[in-house]
Amino acid sequence: MKCYRCQKATMKPGRGMERYEEAAGLPYPVLLANVPVLRCASCGEEAVSIPDAEALHRAIARYIVASRRPLFAGEIRFLRKLLGWTAAELGREMGLDEKTISRWENRKKAMGTVADRLLRMIVRDRALDRGEPDLVGAVFPDILRERRPPEREPVRLRATRRGWRQTAA
Ligand SMILES: [Zn+2]
């Protein structure tokens, strides 16, 4: 394959690791494994293509919804964007005003435990695949009430033939 940078026919397809930058705002990195990459053996040029970004966003949302601690500000924004809603629209759905949503997202106000659960339920109902195991119901009793600093451990997702799968480190 011809390299679009150096024009030599040394561009070859492979697989690689990628740090996903499109989920900006999350307080931890999202690391992707087995991502299709075109690499030039002559000039080192790389072209990464993220397969099925929508499915990837749902996989990240599944990780967030199943987390056993209160939602972080960046996660609230990520979930709202996954829903495709403005702060006003999410507020209407939750029976709150737009300013409350913005204060959560800007870390000016802590989200209460009821709102935390409600947002997860909305995301499960509106954005995640039906037929998933009922991860929200299973996890709710375990969500810790204490606020902890954001976990810096990356989320690791692997591209497989059956879609994005969460993996261990
Ligand atoms: Zn090249």
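The protein chain has six helices and five strands in this predicted model. Of the 169 residues in the chain, 39% are buried. Among contacts in the chain with a separation of 6 or more, 61% are between residues 24 or more positions apart.

The zinc ion is one place to start. Its ligands are the SG atoms of Cys3, Cys6, Cys40 and Cys43, at 2.3 to 2.4 Å. The donor residues follow the spacing C-x2-C-x33-C-x2-C in sequence. The angles that the four donor atoms subtend around the zinc ion run from 106 to 116 degrees, and the arrangement is therefore tetrahedral; that term requires all angles to lie between 85 and 135 degrees. Cysteine 6, at 26%, counts as partly exposed.

Strand β2 covers residues 30-40, and Cys40 is one of the zinc ligands. Asparagine 34 is also found in β2. Its phi is positive, about 65 degrees, although the residue is not a glycine. Because its relative accessibility is 22%, asparagine 34 counts as partly exposed. Another residue other than glycine with a positive phi is aspartate 52, with a value near 45 degrees. Aspartate 52 is in the loop between β3 (46-48) and α1.

From there the text turns to the helices, and to α2 in particular. Helix α2 is mostly covered, with eight of its eleven residues buried. These buried residues are Ala73, Gly74, Glu75, Ile76, Phe78, Leu79, Arg80 and Leu83. They pack against α1 (53-65), α3 (87-94), α4 and α5. After α2 comes glycine 84, which has a positive phi near 80 degrees.

Two of these helix pairs can be described in more detail. A pair of packed helices is described by the angle between their axes and the distance between the axes. For α2 (residues 73-83) and α5 (residues 113-126), the axes come within 10 Å and cross at roughly 30 degrees. That angle makes α2 roughly parallel to α5, a label used for angles under 35 degrees. The crossing of α2 and α5 is left-handed. On the α2 side the residues in contact are Ile76, Leu79, Leu82 and Leu83, and on the α5 side they are Leu119, Ile122, Val123 and Arg126.

In an α-helix there are 3.6 residues a turn, so residues three or four places apart point the same way. Helix α4 spans residues 98-105, and it packs with α2 at an angle of about 130 degrees, the axes being 7 Å apart. The angle makes α2 oblique to α4. Here Ala73, Ile76, Arg77 and Arg80 of α2 meet Ile101, Trp104 and Glu105 of α4.

How values were computed
Residues are numbered from 1 along each chain as its sequence is written. This is a predicted model: local features need pLDDT of at least 70, side-chain atom pairs count only at pLDDT 80 or more; totals for chains, interfaces and linings use all residues. Side-chain values use heavy atoms; hydrogens and water are left out. Donors are N, O and S atoms within 2.8 Å of the metal (3.2 Å for Na, K and Ca); water is not among the atoms, so sites may look incomplete. Four donors count as tetrahedral if all angles lie between 85 and 135 degrees; four count as square planar and six as octahedral if opposite donors are over 155 degrees apart and all others between 65 and 115; anything else is irregular. Buried means under 20% relative accessible area, exposed over 50%, partly exposed in between (1.4 Å probe, protein chains only). Axes are lines fitted to C-alpha atoms, for helices over the stretch in contact, and angles run from 0 to 180 degrees between N-to-C directions. Helices (H or I, at least four residues) and strands (E, at least two) are DSSP runs, numbered from the N terminus. Angles under 35 degrees count as roughly parallel, over 145 as roughly antiparallel, 65 to 115 as roughly perpendicular and the rest as oblique. A crossing is left-handed if the near helix is turned anticlockwise from the far one by less than a right angle, and right-handed if clockwise. Contact means heavy atoms within 4.5 Å.
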